[in-house]
Amino acid sequence: MKATADAKTALFILSICALLLFWVIPANVEKGPARLMPNLSVVWVVLFTFWLFIAGLRGRSNHEKEEEAALIDKKDLGAGESFNAFLLFLIWGVYIFSLPLFGFYLGGFLAMVASMRTLGKRSGKPLLAWSLGAPTGIYLLFEIVLQLRLPKGKLIDTLFSIFAFS
Amino acid sequence: MYAQLGEAVFLVFTLKNLIGATIGILVGFIFGSIPGLTGNVALGLLVPFTFYMDPLIGIVTLLGIGKGTSFGGSVPAILFNMPGTPQATATAIDGHLLTQKGQSKKALHMALYASVGGDLFSDLCLLAVAPPLAMVALKIGPPEYATIIMFSLLIIGAFVGSSPIKGLISAGFGLLLGTVGLDLFSASDRLTFNILRLEDGIPLIPMLMGLLVLSEIFLQIRRSYMGSEKSLNETTAQGNKKLSWKELKQAFPTIFRSGALGTFIGATPGLGATLGAFLAYNVSKRIGKDRENIGRGSLMGVASSEAGNSAGTGANLIPLVTLGIPGNVEAALILGAFMIHGITPGPFLMEKQGPLLYAIFLSLILANILLLALGFAFIRVSRSILHLDRSVLFPIILLMTTVGAYSISKEFIDVGIMFLFGIIGYVMRRFGFTPIPMIIAFLLGPLLENGVRLSLRLSGGDPFIFFSRPISLVFALLSVITIAWMLLAALKKRRLRKTG
C-alpha cells in the first residue's frame with residue numbers, strides 16, 4: 001500500500017497534535033476547565049486527521065490530481081514561479097523583520113524595487129516610479145489623511161539627528 | 001421597529017456614507033474583475049482602514065466591496081471566459097458564448113440587472129427576516145447556542161473548500177487558535193507563551209490579512225497567470241447591441257426565482273454564492289424560460305447565475321446579525337469590522353444598536369442603486385482594468401497589507417503575526433486546506449466555549465444537557481447526521497471507485 005501526499009500530511013498533523021496534547025497544552029494551560037476547549041479542539045483535529053489518513057491510504061485526492069495538472073500547466077508556461085514565490089517570501093520577510101531599522105518608507109521602497117524586479121519589471125523608469133509612488137501614496141493616506149504616524153526607522157531617525165546637529 | 005427605521009434613514013443618506021459605498025463598489029469591481037484577486041482579498045485589505053471610519057461608513061464600504069466583487073467577477077467571465085471570482089464560473093458558460101455571438105454588451109447588461117435584482121431581493125429578505133429571527137434568537141440559552149455553533153462549524157468545514165475532511169481539520173485548528181489568550185472564566189494565561197500581545201488573543205486583523213491576502217498573493221505568484229494573459233489577447237471583439245426592455249422583462253421571473261434560491265443558500269452558513277449560482281442555473285435549465293438554449297449562449301443563463309450568486313451577499317448577513325454566526329468568509333471579515341468598533345453581532349445587536357443595524361440594511365439597498373449606476377460605467381472601462389500589470393499590483397498589495405496590519409495597534413509584532421499567518425495560509429493552500437473554516441472557527445471558538453462551559457455549569461457537569469432541550473437536541477442530532485452523511489458519502493465514493 002503506497003501512502004499518498006494526504007496520508008503523509010495526516011501523519012505530520014497527527015505528530016503536531018501529539019505535541020500539542022502531551023507537551024504544549026499541559027505546559028501552557030493550567031489544569032482544570034481551562035484545558036477543556038484546547039483539548040477538545042485537538043481531539044477534533046485528531047479525529048478528522050485520522051479519517052484523512054485512512055482516506056489517504058486508499059487513493060489520491062482530487063487536490064493531488066489538481067496539483068499534478070497545475071504542474072503540467074506550469075511546465076507549459078515556463079518554470080520559476082515557485083522560486084519567485086520563495087524569493088518574495090524572503091524579500092517581504094526581511095522587510096518585515098527590518099522594519100524597526102528601515103521603517104515603512106525606506107523599507108517599503110527597497111521591498112518594492114526588489115519584488116518588482118523579481119516579478120519581471122526591470123525597466124528603470126516604471127520601476128522607480130512605482131517604487132517611489134507607493135510609499136508616497138501611503139505617506140499621503142496615513143500621515144496626511146488619517147493623521148497616523150508610521151515609523152520611519154532608526155536609520156532615517158539617526159540621519160535626521162545628524163543633519164539636525166550639523 | 002418603525003422608530004428605529006426612521007432614525008436609520010437619517011444615518012443612511014449622508015454624503016460620507018454614499019462615498020463609502022461608492023469606494024467599496026469600485027474597489028470590489030477592480031478586485032472582482034482580476035482573476036484570483038477575490039473580494040476576500042479586497043475585504044482583508046480594507047478591514048483595517050475601517051478602524052478610522054465611522055462604524056456605519058466602514059461597514060457599508062465593506063458591504064459595497066462584496067456587491068462590487070459579485071458583479072466585477074462576471075465581466076472577465078463574459079468577455080474572456082475567465083471568471084474573476086469562483087461564483088462567476090456559471091456566468092461564464094452562457095456569457096462567453098454570447099460574447100462569441102457578438103452580444104457581449106447584452107450579456108454584461110443582463111448580468112448587471114440580474115446582479116442588482118438578485119441582491120435587492122436578498123436585501124429585502126434581510127430587512128424582513130432579521131428582526132423577528134433576532135427576537136427568537138434572544139430566547140435561546142447556552143446549550144442551544146453551543147449546539148447551533150457546533151452544527152454551523154460542521155457545515156462550514158464540510159462545505160467550504162474542495163475537501164470536507166480538510167475543511168473540518170482546518171476548523172479544528174481555528175478552534176484551538178481561538179483559545180489563545182486569557183481564559184474566559186479564570187483569567188489564566190492559555191497558550192500565550194509569555195507574549196504580552198497574545199493575552200487578548202491572537203489579533204484578528206493581522207491574522208485575517210495573513211491567511212487571506214498574503215497567502216493568496218504568494219499563491220498567485222506561484223501559479224502565475226501567464227496563460228490568462230494570453231487568452232485576453234485572443235478574445236473576440238465586443239458586441240455593441242444593447243439589452244432591450246422586452247428581453248429584460250422576459251428575464252424578471254428568472255431573476256426572481258434565482259434570487260430566492262440564492263437568498264436561501266446564502267442564509268445557510270457554509271453554503272456559498274458559488275453553490276447559489278450553480279443551483280439557480282440548473283433550476284433555470286430544467287424549468288426556466290428559454291431552457292433549451294441555456295448552455296448554448298442564453299441571456300436567461302446569465303440572468304439566473306448572476307441573480308443566484310449576488311443574492312448571497314445580503315443573505316449571508318442573516319445568520320451574522322441574528323445569531324452572530326458568520327456563514328462565510330465575507331461575513332467573517334465584516335464581523336471583524338464590527339468587532340474593531342466594539343460591536344458584537346448577535347441576538348442583542350437588534351436591541352442595543354437597532355438604528356445602526358437598520359441603517360446597514362438600508363445602505364445595502366442604496367448600494368444596489370449605486371451598483372446599477374456605476375456598473376454601466378465599469379462595463380465601459382473594464383478592459384483596461386483587466387490588463388493591470390501584476391508585477392506592480394502584487395508588491396503594492398503586499399506593502400499595503402504590512403501598513404494595514406501595523407495601523408490598528410501600532411505594534412510591529414502584528415506585522416510579524418500577519419507574515420506568520422501568511423506562511424501558514426500558503427502552506428495550507430498548497431496542501432489543499434482552505435483557511436476559511438479556520439478563520440470562522442477562530443471567531444466562533446470563544447462563543448462555543450462560553451456556551452459549553454456555561455451549560456456544563458448549569459447542569460453540574462452533566463453533558464446530557466445538550467440533549468435534554470428541544471432546540472439543542474435538534475442541532476445535536478443534525479450535527480450527528482452531518483458526520484454520518486459525510487461518512488456515507490465517503491463510503492459510496494469508495495464503492496464507486498472499486499466498481500470502476
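## Conventions

Two residues are in contact if their C-beta atoms, placed from the backbone, lie within 7 Å. The model is predicted, and local features need pLDDT of at least 70, side-chain atom pairs count only at pLDDT 80 or more, and totals for chains, interfaces and linings use all residues. Residues are numbered from 1 along each chain as its sequence is written, and chains are lettered from A in the order in which they are written.

## Helices H3 and H4 of chain B

B:Gly39, B:Ala42, B:Leu43 and B:Leu46 of H3(B) meet B:Thr61, B:Leu62, B:Ile65, B:Gly66 and B:Thr69 of H4(B). By class, these residues are 5 nonpolar, 4 polar and no charged (nonpolar: Ala, Val, Leu, Ile, Met, Phe, Trp, Tyr, Cys and Pro; charged: Asp, Glu, Lys and Arg; polar: the others, Gly among them).

Helices are DSSP runs of H or I with at least four residues, numbered from the N terminus. H3(B) spans residues 39–46 and H4(B) residues 55–72; their axes (lines fitted to C-alpha atoms over the stretch in contact) lie 9 Å apart at an angle of about 165 degrees. H3(B) is therefore roughly antiparallel to H4(B) (an angle over 145 degrees, on a scale from 0 to 180 between N-to-C directions).

## Interface between chains A and B

In chain B, 48 residues are in contact with 54 residues of chain A. H19(B) gives the most to this side of chain B, with 11 residues. The side comprises 25 nonpolar, 13 polar and 10 charged residues.

## Chain A

Chain A has 7 helices and 0 strands.

Methods
Helices (H or I, at least four residues) and strands (E, at least two) are DSSP runs, numbered from the N terminus. Angles under 35 degrees count as roughly parallel, over 145 as roughly antiparallel, 65 to 115 as roughly perpendicular and the rest as oblique.
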